[in-house]
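Please read each numbered point alongside the coordinates.

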Amino acid sequence: MDLLVALGTSAAYGISVYELATHPGDMMHLYFEASAVVITLVRFGKWLEARAKRQTTDAIRALNALRPDRARIRVGGDERDVPLAQVRVGTVVIVRPGERVPVDGAVLEGRTHIDESLITGESLPVPKQVADAVTAGSINGEGAIAVTTTAIGAETTLARIIRLVESAQAEKAPIQRLVDRVSEIFVPAILAIAALTLVGWLIAGAGGETAILNAVAVLVIACPCALGLATPAAIMAGTGVAARHGVLIKDAEALETAHRVTIVAFDKTGTLTLGQPSVTAFEPIGGIGRDEALALAAAVQRHSDHPLARAVVKAYEAAQTNGSDADASVQTLARQASAARAVAGRGVEAEVDGRTLALGSTRWLNELGIDLPQALTARAHELEAAGNTVSWLMQRNPQAPAALALIAFGDTVKPTARAAVERLAQMGIKSVLVTGDNRGSAASVAKALGIDEFHAEVLPDDKARVIRDLKIRSAGIVAMAGDGINDAPALAAADIGIAMATGTDVAMHAAGITLMRGDPALVADAIDISRKTWRKIQQNLFWAFVYNLIGIPLAAFGLLNPMLAGAAMAFSSVSVVTNALLLRTWRGAQDRSAR
């Protein structure tokens with residue numbers, strides 16, 4: 001391609017200089033503007049390519065930004081702030097509430113909840129107590145903890161994720177574009193035809209100027225302006241219309257790869273589900289009424305910022321919307337609750353209407369010595385098997401502690417998720433679920449969405465392995481759709497990564513396509529616009545070659561002078577661009593259904 005551009009523009013410029021020098025003052029055909037336009041378009045394309053390459057390092061920089069620069073260590077009875085590089089294995093690190101954990105380690109003192117969703121994919125904060133493992137990069141919750149360092153630097157889980165992203169990106173080979181493959185034959189063929197034209201006219205007895213003009217006409221009409229525009233014009237139109245519909249495509253490579261996708265691997269939390277816990281079951285126990293039990297639970301949880309506490313209060317407010325002021329009701333209950341305190345790793349307790357109430361885990365219920373009927377225990381196991389987190393509202397009466405209600409928390413499937421999976425199936429694309437959540441939750445979501453294959457309890461290292469296995473097993477093109485840091489290695493390992501903009505920057509940097517709305521239906525839209533764009537590329541290349549197949553013989557036999565060759569070249573460029581602009585009429589699934 002570059003050779004034809006150089007020869008074609010140089011020949012057009014050279015013959016123009018020759019004509020200007022040998023025929024001063026006469027009317028003549030000059031081709032300076034053709035050379036300038038072609039070179040400008042080529043340089044613009046090179047600039048876009050270089051810009052896309054620079055973006056490949058953004059994911060690594062975003063991951064490195066998760067590493068805290070400093071750590072608070074305990075030496076003797078004192079605490080001091082030191083650079084992270086000074087921390088060694090065995091050092092005791094103090095992590096205060098709200099801080100990011102700087103090292104991999106084990107809890108030495110304290111209890112808390114830690115948000116590990118960016119690392120493990122677990123949608124809910126995980127309770128931590130003495131001897132439990134913590135991971136660098138995760139965020140501490142409500143309690144201060146002391147952590148004994150077990151891994152630092154390159155050996156931490158976060159560092160391994162960074163290496164996986166680097167490795168996966170390095171393994172991505174550039175796509176050999178159709179136009180480049182054809183050019184391997186096209187370019188030497190044009191050079192041979194131009195040389196034969198020059199020699200043939202000289203042998204036929206024509207003058208040197210005539211022979212050169214005819215050879216230049218061959219080069220000018222074959223100068224790959226339309227051929228060079230065929231791909232970028234379609235890509236620019238396709239990426240533009242995609243952006244207007246909430247699909248950002250990082251580069252041409254991502255667009256070209258997406259049209260051949262045969263499998264889409266979905267992360268669960270935040271991709272197919274909302275990523276926000278909600279009350280999925282609330283069952284009062286004994287003689288207490290549901291409304292009263294829910295009101296007591298909301299009163300206990302009102303002052304807590306824990307995601308499960310917000311879910312309880314939200315459930316109570318929803319129950320009070322019929323004919324009453326929900327916020328006022330909750331505030332009244334909150335004033336009745338006193339002495340509220342969090343019990344790390346177990347739950348929260350408070351005084352409500354003179355009673356000591358607690359809301360917490362099954363472990364806490366067992367510690368309080370509360371016995372449950374067999375049917376209720378079976379119900380709790382059933383909910384947990386379905387992927388829910390089970391908590392209990394309890395009355396802490398020293399003489400007769402009792403359970404007042406069973407509360408199950410779960411994530412909600414996004415409203416458009418099932419339709420997205422069904423549309424992909426109609427397009428001949430298989431959906432697979434890959435998540436770090438428990439098997440019960442994965443099975444429940446997969447069943448609800450009609451997904452036959454799922455992989456549960458998959459850590460970041462394993463997610464990339466699952467993607468590689470899918471690529472080997474299917475021998476097809478595998479896309480990964482996710483939104484968290486834990487998805488970054490899989491997004492990079494996949495043939496094409498699709499990230500939700502509602503997730504983390506790391507996921508978006510590692511992905512070739514970013515969905516500006518957290519709507520899984522956009523996954524099918526992204527693949528559809530890729531397929532439409534690829535068809536336009538093929539059509540453009542076809543017409544570009546048709547012009548050459550017709551024009552080159554005419555130029556070689558002297559029936560097409562350089563001026564007409566230049567006009568034909570310009571007309572072919574216009575037709576290619578016009579065809580590409582037809583992509584602007586594309587509509588996504590939501591737009592079509594709205595009409």
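1. The model is predicted, so local features need pLDDT of at least 70 and side-chain atom pairs count only at pLDDT 80 or more, whereas totals for chains, interfaces and linings use all residues. Residues are numbered from 1 along each chain as its sequence is written, and side-chain values use heavy atoms, with hydrogens and water left out.

2. Overall make-up. The chain has 23 helices and 22 strands; these are DSSP runs (helices H or I of at least four residues, strands E of at least two), numbered from the N terminus. Of the 595 residues in the chain, 48% are buried, where buried means under 20% relative accessible area, exposed over 50%, and partly exposed in between (1.4 Å probe, protein chains only). Contact is defined as heavy atoms within 4.5 Å. Among contacts in the chain between residues at least 6 apart in sequence, 67% join residues at least 24 apart.

3. Packing of α16 and α17. Helix α16 (residues 417-426) and helix α17 (residues 439-449) have axes that come within 9 Å and cross at roughly 65°. The contact is formed by A417, R418 and V421 on the α16 side and by K447, A448 and L449 on the α17 side. These residues comprise four nonpolar, no polar and two charged. In this classification Ala, Val, Leu, Ile, Met, Phe, Trp, Tyr, Cys and Pro are nonpolar, Asp, Glu, Lys and Arg are charged, and the others, Gly among them, are polar. The axes are lines fitted to C-alpha atoms, for helices over the stretch in contact, with angles running from 0 to 180 degrees between N-to-C directions.

4. Residue L449. Which residues does L449 touch, not counting those up to four places away in sequence? They are L272, V413, A417, R418 and V421. L449 lies in helix α17 and counts as buried because its relative accessibility is 2%. Its C-alpha atom is separated by 10.0 Å from that of L433, 16 residues apart along the chain.

5. Salt bridges. The criterion is a side-chain nitrogen of Lys or Arg within 4 Å of a carboxyl oxygen of Asp or Glu, and by this rule the count comes to 17 salt bridges. E283 is paired with R379, their closest N and O atoms being 2.7 Å apart. This pair links distant parts of the chain, with E283 in strand β12 (residues 273-284) and R379 in helix α15 (residues 374-385), 96 residues apart. Both partners are partly exposed: E283 has 23% relative accessibility, and R379 has 24%.

6. The R396–E349 pair. R396 forms a salt bridge with E349, with the closest N and O atoms 2.4 Å apart. The two residues are 47 apart and link distant parts of the chain: R396 is in the loop between β16 (389-395) and β17 (402-413), and E349 is in strand β14 (residues 347-352).

7. R465 and D462 form a salt bridge whose closest N and O atoms are 3.6 Å apart. Because R465 and D462 are three residues apart in helix α18 (residues 460-474), about one helical turn separates them. R465 is partly exposed at 38% relative accessible area, and D462 is partly exposed at 30%.

8. S16 is in helix α1 (residues 2-22) and is buried, with a relative accessible area of 0%. Leaving aside neighbours within four places in sequence, S16 is in contact with L30, Y31 and F32. I190 is in helix α6 (residues 178-203) and is buried at 2% relative accessibility. I190 and V218 are 28 residues apart in sequence and 7.7 Å apart in space, C-alpha to C-alpha.
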